[in-house]
Amino acid sequence: ARRQPGSTFKPFVYLAAFEATFDDPSLPPITPATVVEDAPSVFFFEDKEYIPTNYEDEYHGMVTLRRALSMSMNVATVKVAEMVGYDKVADLWSKKLGIGAPIEPYPAVALGSFEATPFEMATAYDVLANGGLKVEPVTILQVAEDGGRVLEQHRAAVPERVIREESAFLVTDMLRSVLDEGTAASARGLGFTAEAAGKTGTTNDYRDAWFAGFTPDLLCVVWVGFDDNTPVGLSGTRAALPIWVDFMKVALGGRKPTPFPAPPEGIVFVDIDKET
């Protein structure tokens, strides 16, 4: 089923911004601590107006990109896409990551207003989880008889670097904030304690509810919706996240948790005041 990914696409807007910073050192650098204004705004594209609104019309003023992503702010995310260029956002998805059919560069694409399958979203998030390496998904690794004779053997393709390790690390680190203090913080209340990164997604009229998330060991994408596009009436936080938590708790049960990898050389952490 091809459905709008909504806010689960937002991490790739920020990924495009970080990649652009590395691609062109003459651009002003964009980092998770870069500040944008989250306020009602009008965007112009090809002489047309685009006026996105935030969830429940709540606006937060000047915010860091980390906070904008963790709280899934629509206007702030479109501003980042405008800053870096809608074409760079579309190219990152269609060319660098090579996910699905090519998408068009326009403001609404920053909020996931195109169509993708859960399988394609999992493939894209897997690039983040693998530190910028793309591994083509394989459905069946091996088919064997009872006696052990192998009838079919499939191997995963050699991973290909499509995104810089630094960019993937920064976005993953921001997605950890989604679970620790953002729109997916309720996962902790549901008893999910492992280190994880992820993003909620809700499309117009609550037609699609998503959660895409991963630990250092396992990635899972959940989509909840109706085949006929009838609204579900629930956000990704309320419909998809609890399913993800239930699955991940059982799937990871009894395993010693793996920590996320250390930051690549060149990543610098600085304490900042959230309010100022």
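The legends below describe close-up views of a predicted model. Residues are numbered from 1 along each chain as its sequence is written, and side-chain values use heavy atoms, with hydrogens and water left out.

Figure 1. The largest pocket holds about 1,000 Å³ of space. A pocket is an open set of points on a 1 Å grid over the protein atoms alone, where a 1.4 Å probe fits and protein lies on both sides within 12 Å along at least five of seven lines; lining residues have an atom within 4 Å of a point. Grid points are joined across faces, edges and corners, and the volume is the space filled by probe spheres set on the points. The lining comprises 35 residues, with Pro32, Ala33, Arg66, Val270 and Ile272 nearest the centre of the pocket. At least two lining residues come from each of helix H1 (10-23), strand S4 (61-64), helix H2 (65-70) and helix H6 (165-181). Helices (H or I, at least four residues) and strands (E, at least two) are DSSP runs, numbered from the N terminus. H6 provides the largest share of this lining, eight residues. By class, 16 lining residues are nonpolar, eight polar and 11 charged. In this classification Ala, Val, Leu, Ile, Met, Phe, Trp, Tyr, Cys and Pro count as nonpolar, Asp, Glu, Lys and Arg as charged, and the others, Gly among them, as polar.

**Figure 2. The second largest pocket.** The volume of the second largest pocket is about 760 Å³. Its lining consists of 31 residues, of which Ser7, Tyr55, Ser72, Asn74 and Thr202 lie nearest the centre. Strand S9 (197-202) and helix H8 (236-239) are the elements that give two or more residues to this lining. S9 contributes the most, with four residues. The lining of the second largest pocket has seven nonpolar, 19 polar and five charged residues.

**Figure 3. Strand S10 and its two partners.** Strand S10 (residues 208-214) is mostly covered, with seven of its seven residues buried. Buried denotes under 20% relative accessible area, exposed over 50%, and partly exposed in between (1.4 Å probe, protein chains only). Asp208, Trp210, Ala212 and Phe214 are buried on one side of S10, and Ala209, Phe211 and Gly213 on the other. S9 and S10 run antiparallel and are joined by six bridges; two strands pair if DSSP finds at least two bridges between them. Lys199 stands opposite Ala212 in S10. The hairpin of S9 and S10 has five residues between the strands, and Asp205 in this hairpin takes a positive phi near 60°. S10 also runs antiparallel to strand S11 (residues 219-225), to which seven bridges join it. Across this pairing, Asp208 is opposite Gly225 in S11. The hairpin from S10 to S11 passes through four residues.

**Figure 4. Helix H6.** The 17 residues of H6 should span 24 Å at 1.5 Å a residue, and the end C-alpha atoms are 24 Å apart, which agrees. The expected span is 1.5 Å times one less than the number of residues in the helix. H6 is mostly covered, with 12 of its 17 residues buried. Among these buried residues are Phe169, Leu170, Val171, Met174 and Leu175.

**Figure 5. Aromatic pairs.** Rings of Phe, Tyr and Trp (its six-membered ring) pair if their centres lie within 6.5 Å; planes under 30 degrees apart count as stacked, over 60 as edge-to-face and the rest as tilted. By this rule the model contains 11 aromatic pairs. Phe169 and Phe269 form an edge-to-face pair, at 6.3 Å centre to centre and 90° between the planes. Phe169 lies in H6 and Phe269 in the segment after helix H9 (241-251), so this pair ties together parts that are 100 residues apart in sequence. Phe169 counts as buried at 14% relative accessibility, whereas Phe269 is exposed at 54%. Phe192 and Trp244 also form an edge-to-face pair, with 5.0 Å centre to centre and 65° between the planes. Phe192 lies in the loop between helix H7 (186-189) and S9, and Trp244 in H9, so the pair ties together parts 52 residues apart in sequence. Phe192 is buried, with a relative accessible area of 3%, and Trp244 is buried, with 0%. Ring pairs also link Phe9, Phe12, Trp93, Phe114 and Tyr125 into a cluster.

Conventions. This is a predicted model: local features need pLDDT of at least 70, side-chain atom pairs count only at pLDDT 80 or more; totals for chains, interfaces and linings use all residues.
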